[in-house]
Every structure is written in structure tokens, then in C-alpha cells.
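Thanks, everyone. Please have the model up on your screens while I talk. I'll start with the overall layout and then move to local geometry.

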Amino acid sequence: MPTGSAARAAVRDLVAAVEPYDPQEAAHQAWMLEWIDSGAQLFRLEKPSTPPRHLAVYAVLIDDPTRSIMIVDHLLAQAWLFPGGHVDDLEDPRSAVCRELMEELQISPAFHPQTGDTPFFLTVTRTRGRHSHTDVTLWFCYSADRNAPITPDRREFGAVQWVPIDDRHAWPDGAYDPGLERFLGKLRACLDGGGEHRFAGGLRPAGA
């Protein structure tokens with residue numbers, strides 16, 4: 001298991017590697033880096049909300065031929081979200097997001113070739129409900145086949161659905177992560193750029 005300093009450095013490197021899509025994501029990135037450098041506890045130590053700010057991960061499964069992604073009806077959150085969860089103490093977020101996919105869907109896909117194992121998007125979000133807290137979330141992208149078998153954890157998900165990236169009208173009604181629309185804008189720009197990112201900072205090859 002990594003030491004606390006090594007785990008903190010790994011998280012910082014991942015956050016710093018994200019290319020912000022817009023001023024809001026740039027502000028979230030700056031806040032995250034300051035939070036990491038402050039020495040604050042980064043990982044959830046006790047359920048549901050200790051400490052009140054902690055790392056989480058999303059796994060965005062992308063079926064490229066149909067330009068669709070998977071969303072899940074999360075029972076506890078009462079919202080349509082991406083698979084994912086909280087990062088364990090001293091855990092690398094890349095290991096955490098792969099672990100969550102195995103626990104929640106019984107799959108182990110590859111990271112998407114246009115993003116690799118670097119987070120594609122990041123958000124700082126106040127959760128709803130009785131135990132409201134701040135999720136500091138890294139969003140990772142994966143290549144997936146929508147026809148491949150999955151085994152959803154029915155204790156966590158009421159439903160699993162593939163939805164089109166380009167047509168929000170085809171998505172089910174309900175609550176979503178507040179960062180969803182901005183994420184979709186960033187994802188479309190990446191996919192439409194043929195491996196290039198068209199964000200606020202201009203046009204550059206993915207991974208440059």
C-alpha cells in the first residue's frame with residue numbers, strides 16, 4: 001500500500017493532468033489542487049460523510065460505434081448517474097474506478113484510447129440528502145460494448161440504460177449529476193475532434 005505522501009502525489013498528478021473544458025472546470029481544478037496541497041484528508045474514512053470532503057470516481061462507459069454511454073439509476077442518490085463510488089484510504093483513483101466497475105457491474109473494460117487512464121473531467125459537487133457532503137470527483141472514460149453481458153448490483157441500481165451522447169431527449173426523466181451537460185459538451189468535442197481536444201484552451205492533440 002502506498003504511503004500517505006505517495007497517495008497524495010498520485011492524486012495531485014491526476015488532477016493536474018486534466019485539460020479544463022471551461023472556466024468552471026478550471027476553477028474546480030484549481031480548488032482541488034489547493035485542497036490537495038493543504039494536507040487535508042483526501043479519502044473517506046467513515047460512511048457516509050467523514051471527512052465532509054473526499055474523493056470519488058465515475059466510470060463513463062462509451063460504445064463508440066453507436067456513440068452511446070451507460071447510466072445507472074442509483075437507488076441511494078435517487079438520480080441517474082455513472083457507475084462509480086468513493087476512493088478508499090490511500091487508494092489510487094485509477095484502481096478505485098476499476099474496482100467499482102467490477103463490484104457494481106462485474107466487468108473490467110479498457111480505458112478509452114482517446115483518454116487513457118487520466119481523468120477526462122473533474123467536478124466538486126455538494127451532494128443532496130440527509131448526509132450531504134462534498135464529492136471531489138474524477139471522471140474516467142472506458143471503451144465498452146453495449147451488447148456485452150453485465151451483472152448489475154441490484155442493491156445499488158434500480159436500472160441500467162445505454163443512452164445516446166448526442167440526443168438528451170432520448171434520456172430518461174429524473175435527476176442527474178449537475179456537471180453532466182458540461183461533461184457531455186467536453187466528450188462531444190473530444191470524440192468529434194478525432195482524438196483532439198477542443199476546449200477553452202484551444203486545440204491540441206489528446207495527451208499532449
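One definition before I begin. When I say helix or strand, I mean a DSSP run, at least four residues of H or I for a helix and at least two of E for a strand, numbered from the N terminus. Also, keep in mind that this is a predicted model.

Overall layout, then. The protein has four helices and nine strands. Starting at the N terminus, the order is α-α-β-β-β-β-α-β-β-β-α-β-β. The C-alpha trace spans about 45 × 40 × 30 Å along its principal axes.

Now the annotation. An unreviewed UniProt entry places "domain: Nudix hydrolase" on residues 52-185. In the model, that span is 36% strand and 14% helix. Its end C-alpha atoms are 29 Å apart.

Next, the helix pair. Two packed helices are described by the angle between their axes and the distance between the axes. Here we have H1, residues 4-17, and H2, residues 23-37. The angle is about 165°, and the axes lie 10 Å apart. Anything over 145 degrees counts as roughly antiparallel, so H1 is roughly antiparallel to H2. The crossing is left-handed.

Which residues meet? From H1, they are Arg8, Val11, Arg12, Val15 and Ala16. From H2, they are Gln29, Met32, Leu33, Trp35, Ile36 and Asp37. By class, the contact has seven nonpolar residues, three charged and one polar.

Last topic: backbone geometry. Most peptide bonds are trans, and most residues other than glycine have a negative phi. Let me show you some exceptions.

Look at the loop between H2 and strand E1, which covers 53-63; Pro48 sits there. The bond from Lys47 to Pro48 is cis, with omega near 0°. Pro51 is in the loop between H2 and E1 too. Thr50 and Pro51 are joined by a cis peptide bond, with omega about -5°.

Now go past E1. Where is Arg67? In the loop between E1 and strand E2, residues 68-74. Its phi is near 45°, which is positive, and Arg67 is not a glycine.

To recap: H1 and H2 pack with a left-handed crossing. The peptide bonds into Pro48 and Pro51 are cis. Arg67 has a positive phi. I'm happy to take questions.

Notes: Residues are numbered from 1 along each chain as its sequence is written. This is a predicted model: local features need pLDDT of at least 70, side-chain atom pairs count only at pLDDT 80 or more; totals for chains, interfaces and linings use all residues. Side-chain values use heavy atoms; hydrogens and water are left out. Axes are lines fitted to C-alpha atoms, for helices over the stretch in contact, and angles run from 0 to 180 degrees between N-to-C directions. Angles under 35 degrees count as roughly parallel, over 145 as roughly antiparallel, 65 to 115 as roughly perpendicular and the rest as oblique. A crossing is left-handed if the near helix is turned anticlockwise from the far one by less than a right angle, and right-handed if clockwise. Contact means heavy atoms within 4.5 Å. Ala, Val, Leu, Ile, Met, Phe, Trp, Tyr, Cys and Pro count as nonpolar, Asp, Glu, Lys and Arg as charged, and the others, Gly among them, as polar. UniProt positions are given in the numbering used here, feature names are shortened, and annotations may be inferred rather than shown by experiment.
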